[in-house]
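Please look through the sequence and the model below before reading on. The report then takes up a few residues in turn.

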Amino acid sequence: MLEIFLKTLPFFMLIAVGYGAARTRFFPPEATAYLTKFVFYFALSAMLFRFSANLSLDAILDWPFVLAYLAGTGVIYLFATLVAMRRGVGVAEAAVEAQCAVIGNVGFLGIPMLALLLGEAAVGPIMMVLAVDLIVFGSLIVILITGSRDGRMSPRILVTVALGLIKNPMIVSISAGLIVSAYKVNVPVPVNEFLTLLGGAATPGALFAIGASLATKSAERMAVAGWLSLCKLVLHPAAVAIAALLVFKIDAYAAGVMIAAAALPVAGNVYIIAQHYGVAPARVSASILISTIISIVTVSAVIAWVTGFQ
């Protein structure tokens, strides 16, 4: 546990540096926005394209793996939704809370950290988790929020969802890389080196951006945020572990990667969605802040546990 904690600590130290830079206003909010855009559209996209271009579709598309992750995640999603609605909140707020309970920071934190700590063989499983989060649950929250406001499903909602997926650079870069891999296209050496150089900025840039964005987050609605952090950091990986190891009996290594990915703190893009639609942004903000702080310990514990699967 201590050895793993010391390995994960540099990642969280980078987050702390970003937080300190933004908190002291040395790094203003405008700079954070542009750094996040650079990482999201350029550095992370280059990393994902390079990774997926060197994977076969068979290596990334494992249906039992996808079903296990969907099952474990779906249980917590429904549970968090029911708990929210029992408190009397509407469908839109319940959808946002459920999103906090299951959507982790896989893109900015999970890919660089887990690929380093669990090995490059973890990239395929991480990408499957990321794809499910973006395609299934990223679409679901938009459908639920928009549908609850309109009072019905409409073609406009589906168009909004489809455009969101098409414009998402992570989905585009993974898809493009897999197409290159499927057609066995040899990436020229200068292009590959360019992607390696640009993708190398993803890890420090993403972690710094996470920290800088946390400086603008508030710790309001502590009780609800604490509950959602518990769901994300404890209940979600536990449910995924049961689904992967006991129900679907996934390969131990892949199951370990899935569980570690499920243990990541609440993703920043949940706040972007909540803010865009004006649905409980303060609650999401607090959940991101609290879960990220607590995850310094919990993520290390989960990674230490799953490394024993290898």
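Is Arg87 buried, partly exposed or exposed, judged by its relative accessibility? The structure is a predicted model, and in this model Arg87 counts as partly exposed, at 38% relative accessibility.

## A network of salt bridges

The side chain of Arg87 meets that of Glu97 in a salt bridge, with 2.7 Å from N to O. Because Arg87 lies in the loop between helix H4 (63–86) and helix H5 (91–102), while Glu97 lies in helix H5, the pair ties together parts that are 10 residues apart in sequence. In contrast to the partly exposed Arg87, Glu97 is buried, with a relative accessible area of 1%.

Glu97 also forms a salt bridge with Arg283, and here the closest N and O atoms are 2.7 Å apart. Arg283 lies in helix H15 (residues 281–306) and Glu97 in helix H5, so this pair ties together parts that are 186 residues apart in sequence. Arg283 is buried, with a relative accessible area of 8%. Together with Glu93, the residues Arg87, Glu97 and Arg283 are linked in a network of salt bridges.

A search of the whole structure finds four salt bridges, and one of them joins Lys7 to Glu3, whose closest N and O atoms are 3.7 Å apart. Both residues lie in helix H1 (residues 2–23), where they are four residues apart, about one turn of the helix. Lys7 is partly exposed, with a relative accessible area of 42%, whereas Glu3 counts as exposed, at 55% relative accessibility.

The structure accordingly holds zero disulfides. Cys100 is buried, with a relative accessible area of 0%, and Cys231 likewise counts as buried, at 0% relative accessibility.

## The surroundings of Ile111

Ile111 lies in helix H6 (residues 106–118) and is buried, with a relative accessible area of 3%. If residues up to four places away in sequence are not counted, Ile111 touches Met47, Leu48, Phe51, Val106, Ile126 and Leu130. Leu44 and Ile111 are 67 residues apart in sequence, and the distance between them in space is 9.3 Å, C-alpha to C-alpha.

Definitions and conventions
Residues are numbered from 1 along each chain as its sequence is written. This is a predicted model: local features need pLDDT of at least 70, side-chain atom pairs count only at pLDDT 80 or more; totals for chains, interfaces and linings use all residues. Side-chain values use heavy atoms; hydrogens and water are left out. A disulfide is a pair of cysteine sulfur atoms within 2.5 Å. Buried means under 20% relative accessible area, exposed over 50%, partly exposed in between (1.4 Å probe, protein chains only). Helices (H or I, at least four residues) and strands (E, at least two) are DSSP runs, numbered from the N terminus. Contact means heavy atoms within 4.5 Å.
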